[in-house]
Amino acid sequence: MSEHAVVIAGGGPAGMMLAAELALANVDVAIVERRPDHALSGSRAGGFHSRTIEVLDQRGVADRFLAEGQVAQASMFGMTVLDMSDFPTRHPYSLGIWQNQIERIMAAWIAELPVRVYYGCEVTGFTQDDTGVDVELSDGRSLRAQYLVGCDGGRSIIRKAAGIEFPGWDPSKSNLIAEAEVTEQPELGIRKDAIGVHGIGRLEYEIRDGEVVYKDEGPVRVMVTERQLGPGSEPTLADLSEALVTVYGTDFGIHSPTWISRFTDMTRQAAAYRAGRVLLAGDAAHVHYPAGGQGLSLGVQDAVNLGWKLAQVVDGTSPESLLDTYQDERHPVAARALRHTMAQTALQRQDERTKALVEVVSELAVMDEPRKRLVGIVSGLDIHYELGEGHPLLGRRMPDLDLVGSDGPLRVFTLLHEAKPVLLNLGEPGGYDVGQWADRVKLIDADYDGAWELPVLGEVTAPTAVLIRPDGYVAWVGEGTDAGLRDALSTWFGKV
């Protein structure tokens, strides 16, 4: 039996991000992935929103994704594109990049880290006791871990075996999505009708002046809403052809599909993100209709919130109760996202009554205050973890400021590349210290003379010091004194 500190079931974006976070913290981590490698058939989902790009920037790998993606203003509500170019971030945009590219880049990244991947098998069951989890694999092997994390999708075996309920709403509509060849020139772009929203685009495209420009030839990516809720069985080429004919009057001679899939507007969230030594992240913890494109971002951010906490519990720095803050913080974020996507889905209906609602909402959505509020939700830049009363920065993501340190210019996010906590002193050098936490928390003296602006909230009072967690969120704010600093250090980074 092989032993690891943490075993992750599922090697999608959430699982790989969590593995990277744990590896950066020197935790022995392994992924169990049912595929033979990370070569994903077809493009699947695509894109990250602004806060997730920032999260990758915090680890020094954002440029790898930006080099292959298309930057665009793609935050939407209903069918209204919401401009976020004025948001205070280095990444005031969304990134269009297919999931197969995302997974390939992530797989290359974790290959640089001490992450073990068990390809070609999956977790079939587990038993846990007071000291760990025995994990059974489909190839007959077994693993022993201190903790098991289910990142194995909406049909999560881990969630079901752990007895975690998955309440929510059953599907009311379904869509087919596929990549295939066509013999006729298709109708490219988005079409809306009484059935729903449909779209056809070439796989090869670029963004010009904010508009999608498709190549003249090549495979197409099709998304079509079905007239009736589809069955739970795997869709066929005949199903896709029939749906296209219903909407477009022709199937454009579609043939040779690379893949075909069906998704619905089923919306569910795990009642608990943890059952003893078993935790959930990504789609295993929440599923929803892809309106707004928040799925990948939610999963990656789950992983970044959980990773450093789980690492500290594994190495004995923090008590197991620190893991309770994972659900406390991430469950409300996902619940809000699910509520938002259900609203988005409702606005996609094309009956006359809903059209009237969409027109009214669209008029409001482009106004400055509603626009900022909606963009803050979709982008993830307005996430606020409830860490108590205090400065507006408390519990919010730390801005990526341009600082001047003792060795010259530096960015805040570069201080987080190693996934370690930072006490940033912006007052007199030596005015703050981390005391007995010096081996756990980096102390940086720096100067910053610019304005402090937060997404949605606007400008806030400049602090004299901030304690930044490894996930980039502010755990304590100094306003001239170190009152509360020791308590914050003890709460988040263990007693000494």
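This is a predicted model: local features need pLDDT of at least 70, side-chain atom pairs count only at pLDDT 80 or more; totals for chains, interfaces and linings use all residues.
A residue counts as buried when under 20% of its relative accessible area remains, and as exposed when the figure is over 50%.

**View 1. A pair of buried phenylalanine rings, Phe48 and Phe65, is one part of the aromatic picture**. The structure holds 9 aromatic pairs, and a pair of aromatic rings is described by the distance of the centres and the angle of the planes. For Phe48 and Phe65 the ring centres lie 5.8 Å apart and the planes meet at 75°, so this pair is classed as edge-to-face. Since Phe48 belongs to strand β3 (residues 46–48) and Phe65 to helix α3 (residues 62–66), the pair ties together parts that are 17 residues apart in sequence. Both of these residues, Phe48 and Phe65, are buried.

**View 2. Tyr273 and Tyr326 form a tilted pair**. Their ring centres are 5.6 Å apart and their planes stand at 50°, so the pair counts as tilted. Tyr273 is buried, as is Tyr326. Elsewhere, ring pairs link Trp308, Trp492 and Phe493 into a cluster.

**View 3. The largest nonpolar core has 93 residues**. Those with the most contacts inside this core are Val6, Ile8, Phe65, Leu310 and Leu467, and helix α7 (residues 295–314) gives the most to the core, with 10 residues. Apart from this core lies another, of 20 residues, including Val412, Trp452, Val466 and Val477. In soluble globular proteins, nonpolar side chains tend to be buried together. Leaving aside neighbours within four places in sequence, Val6 is in contact with several residues, among them Leu22, Val27, Val29, Tyr147, Leu310 and Val314.

View 4. The structure holds 2 cavities of 30 Å³ or more. The largest is lined by 15 residues, and those closest to its centre are Gln294, Leu298, Ile377, Val378 and Gly380. Two or more lining residues come from each of α7, α8 (324–347) and α10 (368–379), with α8 giving the most, 4 residues. By class, the lining of the largest cavity divides into 6 nonpolar, 7 polar and 2 charged residues.

**View 5. The second largest cavity has a volume of about 40 Å³**. Its lining consists of Arg51, Val55, Gln301, Val304, Asn305, Arg330, Tyr385, Asp471 and Tyr473. The elements that give two or more residues to this lining are α2 (50–58) and α7, and α7 gives the most, with 3 residues. The lining of the second largest cavity has 4 nonpolar, 2 polar and 3 charged residues.

**View 6. Ala419 and Val456 each have a positive phi**. Ala419, although it is not a glycine, has a positive phi of about 60°, and its place is in the loop between β25 (408–411) and β26 (422–425). Because its relative accessibility is 10%, Ala419 counts as buried. Val456, which is not a glycine either, has a positive phi of about 70° and lies in the loop between β28 (452–454) and β29 (458–460). With a relative accessibility of 36%, Val456 counts as partly exposed.

Notes. Residues are numbered from 1 along each chain as its sequence is written. Side-chain values use heavy atoms; hydrogens and water are left out. A nonpolar core is a set of buried Ala, Val, Leu, Ile, Met, Phe, Trp, Tyr and Cys residues joined through side-chain atoms within 4.5 Å. Buried means under 20% relative accessible area, exposed over 50%, partly exposed in between (1.4 Å probe, protein chains only). Contact means heavy atoms within 4.5 Å. On a 1 Å grid over the protein atoms alone, a cavity is a set of points where a 1.4 Å probe fits but cannot get out, and a pocket is an open set with protein on both sides within 12 Å along at least five of seven lines; lining residues have an atom within 4 Å of a point. Grid points are joined across faces, edges and corners, and a volume is the space filled by probe spheres set on the points. Ala, Val, Leu, Ile, Met, Phe, Trp, Tyr, Cys and Pro count as nonpolar, Asp, Glu, Lys and Arg as charged, and the others, Gly among them, as polar. Rings of Phe, Tyr and Trp (its six-membered ring) pair if their centres lie within 6.5 Å; planes under 30 degrees apart count as stacked, over 60 as edge-to-face and the rest as tilted.
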